[in-house]
Amino acid sequence: MKTIKDIDLKNQIILIRVDYNVPLKDGVITDDLRIRASLPTINYLLENDVKKIVLISHLGRPEGKENPDFSLSPVADTLRNLLQNQKIGFYQLPKKAEKINTPEDERIVLLENLRFDPGEEANNPDFIKNIIDSINANVFVQDGFAVVHRAHASTDAIKNFLPVYSGFLVEKEVENLTKVLKNPEHPVLLIIGGSKVEDKQPLIDKFINIADHILVGGKIAADGYKSENGKIIVAHDFDEDSMGNKLDIGPISTSEFAKYIENAKTIIWNGVMGKVEDPAFTTASSIIADLIGKNQDATTIICGGDTAGFVENYLKNHADLNYSLISTGGGASLEFLLGKKLPGLVAIAD
């Protein structure tokens with residue numbers, strides 16, 4: 001895969017697709033993981049004397065219309081706090097044939113939400129070409145792994161106008177996910193949780209011939225998931241609320257799962273074990289996060305938005321833990337693991 005290490009960056013104007021689709025509450029960012037995940041690529045470009053970095057992203061689902069509730073303005077403020085030695089500009093999407101003139105010392109520019117224009121999700125080449133022309137970009141860097149499974153203008157159509165390279169985030173995601181698919185060290189353990197069996201069954205089917213064991217917990221197990229395959233171990237005891245609802249896997253199943261986690265050399269975890277938004281039902285997920293983070297002999301992949309978010313939050317009070325990859329990909333990481341072709345990665349290969 002072509003990466004930013006493969007080109008001379010000096011004096012280039014770099015257009016980067018990042019994923020700043022961050023959670024907002026009353027206009028305040030509640031989790032800046034995805035912004036911080038973009039910094040290694042941004043800092044590398046700065047250190048290699050690029051002329052300017054232009055960041056593009058979407059946020060939420062504004063349905064092709066300008067909506068202040070989905071503005072990237074709070075992201076610009078967060079970037080200024082994270083990169084205090086840099087002058088960072090924030091600009092609206094350019095109108096047709098409009099040039100964005102930025103001060104020379106403003107080396108980083110963030111454009112407004114791509115999805116404020118219907119051309120983004122329609123994969124409209126004119127839309128993305130207008131952005132390229134407005135800032136005279138020379139090179140495109142794909143570093144928004146969470147969107148590479150979408151055939152949108154900033155992931156697919158853009159390859160018709162600029163050479164495409166991967167940033168460090170995309171490179172890290174692809175390398176780690178490829179390793180567990182193509183050359184995993186055994187024993188391989190897949191841990192499945194969450195609530196929708198129809199979302200998880202394809203992953204179970206994909207890994208049934210790769211994994212040595214598959215552990216199934218979460219609401220899927222509580223709802224009675226069953227399998228005749230000896231590789232699949234399903235949680236069988238549960239913690240309940242006062243109404244008898246099974247909202248976490250119980251101590252016996254958690255202890256059984258622990259033994260497999262401690263012995264595994266490759267671990268993929270997708271789906272929390274309980275209703276983790278309620279602190280009373282985070283026990284099993286916390287224990288599993290802890291055990292995986294302490295297994296330093298294993299390649300460990302945390303994927304899926306809810307699971308990655310839970311582990312990131314858990315890390316705030318457990319900084320001693322380590323994981324090979326906490327995927328920012330959500331649906332993209334699952335589609336990659338299922339072997340699907342992702343338009344944003346195809347664009348890099350092309």
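Strand 13 gives the most to the lining of the largest pocket, supplying 4 residues. This is a predicted model, with residues numbered from 1 along each chain as its sequence is written. Local features need pLDDT of at least 70 and side-chain atom pairs count only at pLDDT 80 or more, while totals for chains, interfaces and linings use all residues, and side-chain values use heavy atoms, leaving out hydrogens and water.

**Largest pocket**
- The volume comes to about 650 Å³, taken as the space filled by probe spheres set on grid points joined across faces, edges and corners.
- A pocket here is an open set of points on a 1 Å grid over the protein atoms alone, where a 1.4 Å probe fits, with protein on both sides within 12 Å along at least five of seven lines; lining residues have an atom within 4 Å of a point.
- There are 30 lining residues, and Gly194, Ser195, Lys196, Val272 and Asp306 lie nearest the centre.
- At least two lining residues each come from helix 6 (197-207), helix 7 (218-222), strand 13 (246-249), helix 10 (305-315) and helix 11 (331-337); helices (H or I, at least four residues) and strands (E, at least two) are DSSP runs, numbered from the N terminus.
- Sorted by class, that lining holds 12 polar, 10 charged and 8 nonpolar residues (Ala, Val, Leu, Ile, Met, Phe, Trp, Tyr, Cys and Pro count as nonpolar, Asp, Glu, Lys and Arg as charged, and the others, Gly among them, as polar).

**Second largest pocket**
- This one has a volume of about 410 Å³ and 17 lining residues, with Leu33, Arg36, Lys172, Glu312 and Ile326 nearest its centre.
- Helix 1 (33-37), helix 5 (168-182), helix 10 and strand 16 (325-326) give two or more residues each to its lining, and helix 1 gives the most, with 3.
- Its lining has 8 nonpolar, 6 charged and 3 polar residues.

- Beyond four places in sequence, Trp269 is in contact (heavy atoms within 4.5 Å) with residues including Ile191, Ile301 and Phe310.

**Strands 14 and 15**
- Strand 14 (266-270) and strand 15 pair in the parallel sense over 4 bridges (pairing takes at least two DSSP bridges), and Ile268 stands opposite Ile301.
- From strand 15 (299-302), Thr299 and Ile301 point one way and Thr300 and Ile302 the other, all of them buried (under 20% relative accessible area, with a 1.4 Å probe and protein chains only).

Terms used. Buried means under 20% relative accessible area, exposed over 50%, partly exposed in between (1.4 Å probe, protein chains only).
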